[in-house]
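Visitor: Please pick one part of this model and take a close look at it. I would like to know how that part is divided and what it touches.

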Amino acid sequence: MINIESYGKKATRNGFGDGLHEIGQQNPDVVALCADLVGSLKMQAFIKDFPERFFQVGVAEANMMGIAAGLATSGKIPYTGTFANFSTGRVYDQIRQSIAYSHKNVKICASHAGISLGEDGATHQIMEDIGMMKMLPGMTVINPCDYLQTKQATIAIAEHYGPVYLRFGRPSWPMFITEDHKFEIGKALQLSKGKDVSIFATGHLVWEAVEACKQLESEGISCELINIHTIKPLDEEAILDSISKTHCAVVAEEHQILGGLGGSIAQLLASKLPTPIEFVATNDTFGESGTTSQLMSKYGLTSSNVVDAIKKVLDRK
Amino acid sequence: MADIQKLETIASQVRRDIIRMVHQATCGHPGASLGCADFFTALYFEVLDHDNDFNMKGENEDVFFLSNGHISPVWYSVLARSGYFPVEELATFRKLNSRLQGHPATHEGLPGIRIASGSLGQGLSVSIGAALTKRLNGDDKLVYCLTGDGELQEGQVWEAMMFAAHHKVDNIIATVDWNGRQIDGDNDDVMSLGDLPGKWATFGWDVLHMDGNSMDDVLKVFSEAKSRTGRGKPVVILMKTEMGYGVDFMTGTHAWHGKAPNDEETTSALSQLKETLGDYPIN
């Protein structure tokens with residue numbers, strides 16, 4: 001039985017801003033950098049309380065990544081803030097050489113990920129970022145699902161030594177994670193137990209999956225919903241345990257079908273426990289302008305898409 | 001007072017190391033490595049206040065970042081000769097399972113290296129980050145950085161230049177190896193750097209000039225550069241060097257940017273460079 005309720009709405013980026021402020025109070029080594037998007041990343045509270053530990057770099061993301069690597073080399077814990085597109089594709093080589101290969105303790109914090117940012121259109125709607133980041137050796141990739149989980153993750157990554165990609169979004173989104181849902185890097189979070197199908201969801205799509213599970217339970221289908229907030233390292237044990245009960249899976253993410261969470265899970269299951277899988281993700285396409293709900297609907301990222309995928313995979317079981 | 005003759009003696013051995021490493025590996029970048037041998041020797045044996053018992057964070061010591069990582073042979077030689085790791089290890093340059101990667105890396109844990117470089121344009125940003133940490137920590141030591149001149153064609157360098165001036169990062173001394181040559185030819189033919197001193201000055205840096213192949217001038221200008229730190233402006237040294245300096249047939253051309261000498265050329269090169277500290281053994 002799924003017992004998850006929403007208690008309001010807030011953007012995941014607010015969780016980042018509040019988490020950054022809190023970890024700033026707790027850990028004097030935490031510093032922050034931003035490439036001219038302080039308001040969008042909700043970094044004002046940190047800047048107000050710790051002005052000497054904040055560096056405005058202007059519209060120069062490559063330089064920001066390099067400076068962050070230098071700060072990390074000398075012992076600081078830098079959090080970089082810009083949009084997901086400019087946090088990854090624009091600066092891939094800087095991250096690869098100065099951060100990942102050099103194993104620097106940099107936290108790459110990326111807002112406005114995916115298609116849900118809306119009207120700005122495809123130039124800003126990156127859906128390849130998880131793929132790029134998970135391919136980098138040693139990179140931890142985290143895509144929290146709501147305000148509180150983003151806040152928890154923002155705080156948790158300071159305690160983890162090594163490069164991290166933290167991905168969150170722009171729109172106001174249902175809040176449903178509670179203080180009882182402990183966040184641990186690399187540890188999947190089970191949101192409901194079930195026996196017919198496993199649903200592995202990350203980011204904004206976790207809420208869509210919650211709604212899908214509720215609908216299907218009313219139709220007598222028992223869904224096991226697992227929130228994979230850490231895409232790398234993947235909690236293989238949790239995935240295999242669940243699949244050994246349900247024998248089929250749906251993966252839901254606001255990302256390209258190529259290179260996302262779905263690919264990671266398919267790879268795991270193909271080698272360890274071959275299983276029918278269906279994918280809720282965008283299909284090798286760029287996005288476009290529109291409202292969040294229009295885009296999620298047009299590009300197949302809603303609860304009804306999750307429902308369809310579950311029914312399809314159950315037929316294949 | 002620095003002993004110039006002693007430093008020149010070391011630089012001669014460093015140049016021999018460069019030729020021998022690149023020859024043995026049958027690849028690598030001897031040209032600018034030779035050109036910068038005097039700079040590196042002065043830096044590690046005279047200028048830096050550093051601890052060769054390597055510490056990654058570099059707290060309370062001067063730190064150096066190499067941005068144009070392809071000139072790794074000169075850096076490896078100087079690091080070994082100044083005690084960061086055994087000189088014998090130079091024989092492993094570019095070999096499988098070596099800590100002396102083709103381009104410098106932290107991945108294998110080679111003492112003295114704080115960040116990977118090779119993909120150009122990133123080292124000045126990294127150096128600025130390290131300088132900001134020193135400022136936050138109240139650490140009054142300095143951060144040094146070397147970039148190539150062709151490397152200045154990378155846009156990130158200009159982002160970094162802007163940042164350092166805007167944020168008054170005045171505990172950094174950057175140096176440009178201004179040898180005027182790059183892989184495909186002269187800078188002026190490939191992509192002109194234009195009025196380089198004017199450009200740095202316009203970007204808000206305090207600009208000094210150095211003859212990078214005169215030990216006397218290298219020391220004087222480093223000393224002057226140090227005295228210019230802490231005045232609200234980042235400091236850059238535009239260092240004129242001759243690519244291939246010390247080996248007659250390697251100068252006056254860009255051909256030796258990234259090419260190893262053959263046996264005959266190596267014999268000729270080594271005959272021009274005095275063995276002063278003992279060659280490292282090659283098995």
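Guide: The bounds of a domain come from an automatic or database domain assignment. For chain A, that assignment gives domain 1 (9–174) and domain 2 (189–316). Their centres, taken over C-alpha atoms, are separated by 25 Å. The model is predicted: local features need pLDDT of at least 70, side-chain atom pairs count only at pLDDT 80 or more, and totals for chains, interfaces and linings use all residues. Residues are numbered from 1 along each chain as its sequence is written, while chains are lettered from A and ligands numbered from 1 in the order in which they are written.

The two domains of chain A touch, with 27 residues of domain 1 and 30 residues of domain 2 taking part in the contact (C-beta atoms, placed from the backbone, within 7 Å). On the domain 1 side, at least two residues each are supplied by α6 (129–134), β6 (140–142), α7 (147–156) and β8 (172–174) of chain A. Such labels are DSSP runs numbered from the N terminus: helices (H or I) of at least four residues, strands (E) of at least two. By class, this side of domain 1 of chain A has 13 nonpolar, 10 polar and four charged residues. Nonpolar here covers Ala, Val, Leu, Ile, Met, Phe, Trp, Tyr, Cys and Pro; charged covers Asp, Glu, Lys and Arg; the others, Gly among them, are polar.

Now to a pair of helices in chain A. The axes of α8 (residues 205–218) and α12 (residues 303–316) of chain A come within 8 Å and cross at roughly 55°. From α8(A), the residues Glu208(A), Ala209(A), Glu211(A), Ala212(A), Gln215(A) and Leu216(A) take part. They meet Ser303(A), Val306(A), Val307(A) and Ile310(A) of α12(A). Sorted by class, this helix contact has six nonpolar, two polar and two charged residues.

Chain A also meets chain B: 23 residues of chain A are in contact with 25 residues of chain B. On the chain A side, the elements that give two or more residues are α3 (61–73) and α5 (92–101) of chain A. Helix α3(A) provides the largest share of that side, nine residues. The class count for the side of chain A that touches chain B is nine nonpolar, 11 polar and three charged residues.

Notes. Axes are lines fitted to C-alpha atoms, for helices over the stretch in contact, and angles run from 0 to 180 degrees between N-to-C directions.
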